[in-house]
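Please view the sequence and the model together before reading on.

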Amino acid sequence: MSIRFYFFVIMFIFLTSSASVGLLFFYMNPIPHPTRSLTLMGIGLFLMVASLLAPLIFFLKKVYYRGDVNLSTMSASIRQAILLALTTIFFMVLSLYNIQEWHITLTGLATLACVEVMFQALD
């Protein structure tokens, strides 16, 4: 599998999830089923943010490593983008419920950082 195929798949995911988030935002009535509406919007936002951040992280690594990147670097970028998207959604949920505790925020960030370190140790 080549890096171009990864980029094609990621851009396809980004375009379809962006379209679905836009359609959900403008045409869905959340009054009858608020839980289903928030779940669908959360999944769409997660896919959109993760697929947008993965190429960005990859290109930052490409600049940092001076072009010496391979397929495992792209896989690591996708994993890190997923963790960053989860962190973003975690902060959005905390702010939605007006939870302003910095202990919870730091605990969530530390947990996600530990998960990333464990994944890097497996590689």
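## Burial and surface

Of the 123 residues in the chain, 24% count as buried, meaning under 20% relative accessible area with a 1.4 Å probe and only protein chains considered. The accessible surface of the chain is about 8800 Å², and 73% of that area belongs to carbon and sulfur atoms; the areas come from the Shrake-Rupley method with a 1.4 Å probe.

## Basis of the model

The model is predicted: local features need pLDDT of at least 70 and side-chain atom pairs count only at pLDDT 80 or more, while totals for chains, interfaces and linings use all residues. Residues are numbered from 1 along each chain as its sequence is written, and side-chain values use heavy atoms, leaving out hydrogens and water.

## Overall architecture

The chain contains 4 helices and 0 strands, in the order α-α-α-α from the N terminus. Helices (H or I, at least four residues) and strands (E, at least two) are DSSP runs numbered from the N terminus. The C-alpha trace spans about 50 × 35 × 20 Å along its principal axes.

Among contacts (heavy atoms within 4.5 Å) between residues at least 6 apart in sequence, 65% join residues at least 24 apart.

## Helix 1 and helix 2

The axes of helix 1 (residues 3-27) and helix 2 (residues 34-64) come within 8 Å and cross at roughly 145°. Axes are lines fitted to C-alpha atoms, for helices over the stretch in contact, with angles from 0 to 180 degrees between N-to-C directions.

Residues of helix 1 that meet helix 2 include Phe7, Ile10, Phe14 and Val21, and the helix 2 side includes Leu45, Met48, Pro55 and Phe59.

Key
Buried means under 20% relative accessible area, exposed over 50%, partly exposed in between (1.4 Å probe, protein chains only).
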